[in-house]
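Here are some notes for a colleague who is seeing this model for the first time. They are meant to be read beside the structure.

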Amino acid sequence: MPQEATGAQQPATRTETQTEQESHRLQAVLAVAAITIGIAALILGWIPATHLPGAVLGVIGLPVALYSQMISATTNERWLNVIGMIASFIGAGFALSNGGFSI
């Protein structure tokens, strides 16, 4: 290699462990929000009397979880995002079957 022949130092590269140790505050907050909204949509969608809030939370939770999945940095965040997506989708489905957006 030419770098070794000339004795030039290679620039320090960032390793994967250094990248993993950085703070991912936005991604973590979005992942927790996605799972929280998803579980709330699931619970509220299951109860027939609370179908409207369940439908609204389901419709809000799914795009939040999808965006959070798109920018997630760690496997733990991705797990939370997928669980939040599924919970939001099922919660919205329960809410729509119980009356959906009707008052």
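1. In which helix does A41 lie? A41 lies in helix α3. Helices (H or I, at least four residues) and strands (E, at least two) are DSSP runs, numbered from the N terminus.

2. This is a predicted model, in which local features need pLDDT of at least 70 and side-chain atom pairs count only at pLDDT 80 or more, while totals for chains, interfaces and linings use all residues. Residues are numbered from 1 along each chain as its sequence is written, and side-chain values use heavy atoms, with hydrogens and water left out.

3. The chain has five helices and zero strands, and from the N terminus on its elements run α-α-α-α-α. Of its 103 residues, 28% count as buried; buried means under 20% relative accessible area, exposed over 50%, and partly exposed in between (1.4 Å probe, protein chains only). Among contacts with a separation of 6 or more, residues 24 or more positions apart account for 74%. Contact means heavy atoms within 4.5 Å.

4. How do α3 and α4 pack? Helix α3 (residues 25-46) and helix α4 (residues 51-71) pack at an angle of about 155°, with their axes 8 Å apart. Axes are lines fitted to C-alpha atoms, for helices over the stretch in contact, and angles run from 0 to 180 degrees between N-to-C directions. The two helices are therefore roughly antiparallel to each other (under 35 degrees counts as roughly parallel, over 145 as roughly antiparallel, 65 to 115 as roughly perpendicular and the rest as oblique). The crossing of α3 and α4 is left-handed, a term used if the near helix is turned anticlockwise from the far one by less than a right angle, with right-handed used if clockwise.

5. The contact of α3 with α4 is made by residues including L30, A34, I37 and A41 of α3, and G54, L57, G58 and G61 of α4. By class, this contact has 14 nonpolar, seven polar and no charged residues. Ala, Val, Leu, Ile, Met, Phe, Trp, Tyr, Cys and Pro count as nonpolar, Asp, Glu, Lys and Arg as charged, and the others, Gly among them, as polar.

6. α3 also packs with α5, at an angle of about 25° and with the axes 7 Å apart. These two helices are therefore roughly parallel to each other, and their crossing is left-handed. The residues of the contact of α3 with α5 divide into 16 nonpolar, seven polar and one charged.

7. Is A41 buried or exposed? A41 counts as buried, because its relative accessibility is 0%. Leaving aside neighbours within four places in sequence, A41 is in contact with G54, L57, G58, S88 and G91. A41 and S88 are 47 residues apart in sequence, and 5.7 Å apart in space, C-alpha to C-alpha.

8. Helix α5 (residues 75-97) has 23 residues and reaches 33 Å from its first C-alpha to its last, close to the 33 Å expected at 1.5 Å a residue; the expected span is 1.5 Å times one less than the number of residues. The buried residues of α5, among them E77, N81, S88 and G91, pack against α3 and α4. α5 is followed by G99, whose phi is positive, near 140°.

9. G93 is found in helix α5 and is partly exposed, with a relative accessible area of 35%. The C-alpha atoms of G93 and L42 are separated by 8.8 Å, and the two residues are 51 apart along the chain.
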